[in-house]
Amino acid sequence: MTSTSSATLPSRPADLGTIVVLAWSGEAPGGDMPYLLAYPLGDAEGGPEASSYAVQRLLEDSGLPVGGDLVDGFARSGLPVSLLVEAGQAVVSMAQLKAQCQAPREWLEAVGVRGFAYFVFTTRLWPEAVPGRHVDPAALAAFAGSEETLKQAAHVVLPVRSLRG
């Protein structure tokens, strides 16, 4: 279905460990919905708990509530997270963090139609889904759709930018 890519980590990469982002699309009212999922592997210097905590701090410091309401990136000025789509890549940028992945054709089409992606950044660890390896669609659906994953995440409607304007 898709493969994973890792992130460029902040000035203290040991705090977060590896952050991974995945892009996929799924059926939704009005046509396919482009989704982005970001999660830690749990390989921080301080161990899995440190990695999860560092992601939670990053999200909270960015004003993105973990387990809270959906953040509408169109309505919120100065949103500290952005999405650039260019040359088949989805690039998510936050303060001190940039993560990118190769986006599947279906995702690119869906994001082109909608003009946004539904971004879920969870503090829940998923050490089995490592960068560069294929992620089975059933495993992705189980992880991304689990109540535990969703409750431990910030949810953002993230407008798309491109280099062409």
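This is a predicted model: local features need pLDDT of at least 70, side-chain atom pairs count only at pLDDT 80 or more; totals for chains, interfaces and linings use all residues.
Reader: What makes the pair S82 and R161 a polar contact?

Author: The side chains of S82 and R161 make this contact at 3.4 Å. A polar contact requires a pair of N or O atoms within 3.5 Å, so the value of 3.4 Å meets the cut-off.

Reader: Which residues does S82 touch, leaving aside those up to four places away in sequence?

Author: S82, which is found in strand β6 (residues 81-86), touches V91, V92, S93, L158 and R161.

Reader: Why is β6 described as largely enclosed by the rest of the structure?

Author: Six of the six residues of β6 are buried, so the strand is largely enclosed. V81, L83 and V85 point one way, while S82, L84 and E86 point the other way, and all are buried. Buried means under 20% relative accessible area.

Reader: How do you know that β6 and β7 pair, and in which sense?

Author: Pairing requires at least two bridges. Strands β6 and β7 (residues 89-94) have six bridges, in the antiparallel sense, and therefore count as paired. Within this pair, L83 stands opposite V92. The two strands form a hairpin with two residues between them, and A87 in the turn has a positive phi of about 50°.

Reader: What makes β6 and β11 a pair?

Author: Strands β6 and β11 (residues 153-161) are joined over two bridges in the parallel sense.

Methods:
Residues are numbered from 1 along each chain as its sequence is written. Side-chain values use heavy atoms; hydrogens and water are left out. Helices (H or I, at least four residues) and strands (E, at least two) are DSSP runs, numbered from the N terminus. A polar contact is a pair of N or O atoms within 3.5 Å; within protein, one must be able to donate a hydrogen and the other to accept it, and residues adjacent in sequence count only if both atoms are side-chain atoms. Contact means heavy atoms within 4.5 Å. Buried means under 20% relative accessible area, exposed over 50%, partly exposed in between (1.4 Å probe, protein chains only).
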